[in-house]
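Dear colleague,

Please find below the structure that I am handing over to you. I would be grateful if you would look through it alongside the notes in this email.

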Amino acid sequence: MTLDELTELSARGALDALRVHSLQGGYYLLQAVQGGDRRPVRDEQGVVLLWRSLLQVRQCLEGRVTLPLELWHAEVHEELCGLPEQRGEACRLSLANPL
């Protein structure tokens, strides 16, 4: 899904949620949720867009969407400590509407 497609779906009220995933290395990935389907936001060439801060994500969405953002952060401490892998729920935080 491109930013233009995201804007169009948001204007029609067709999106259920916008998720920002915090990734290892200080990157953020934006996913649009529609009917249980999660789709990353890509550029015109199909490359998944990554941002270096939440502020960059919010600035990019300014004027495009009105849905609140959800920040998702996976639990990685088990992996870092060498403990057996356990599937826990990601930490989710609701953020205010984009700028």
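The notes below describe a helix, the nonpolar core and one serine. Please keep in mind that this is a predicted model.

I begin with helix H1, which covers residues 3-12. Its buried residues are Leu3, Leu6, Leu9 and Ser10. Viewed down the axis of H1, these buried residues fall within an arc of 125°, so they line one face of the helix. The face turned away from that buried side carries the exposed residues Ala11 and Arg12. The cover over the buried residues of H1 includes E1, strand E2 (27-34) and helix H2 (54-61). After H1 comes Gly13, which has a positive phi, near 75°.

The next topic is the core. The largest nonpolar core contains 19 residues. Those with the most contacts inside this core are Leu6, Leu15, Leu18, Val20, Leu30, Leu61 and Leu69. Two or more residues come from each of H1, E1, E2, H2 and strand E5 (69-73). Leu30 touches, among others, Leu6, Leu18, Val20, Leu61 and Leu69, and its contacts also include Arg19, Arg39 and Trp51.

Finally, I turn to Ser22, which lies in strand E1 (residues 17-23). Is Ser22 buried or exposed? Its relative accessibility is 18%, and buried means under 20%, so Ser22 counts as buried. The side chains of Ser22 and His73 are joined by a polar contact of 3.1 Å. Residues that Ser22 touches also include Tyr27, Tyr28, Leu71 and Trp72.

A colleague

Notes. Residues numbered from 1 in each chain as written. Predicted model: local features only at pLDDT ≥ 70, side-chain atom pairs only at ≥ 80, totals over all residues. Heavy atoms only, no water. Helix = DSSP H or I, 4+ residues; strand = E, 2+ residues; numbered from the N terminus. Buried < 20%, exposed > 50% of the residue type's maximum accessible area, 1.4 Å probe, protein only. Polar contact = N/O pair within 3.5 Å; in protein donor to acceptor, adjacent residues only side chain to side chain. Contact = heavy atoms within 4.5 Å. Arc of directions from axis to C-beta. Core = buried A, V, L, I, M, F, W, Y, C linked by side-chain atoms within 4.5 Å. Lists of a residue's contacts leave out its neighbours within four places in sequence.
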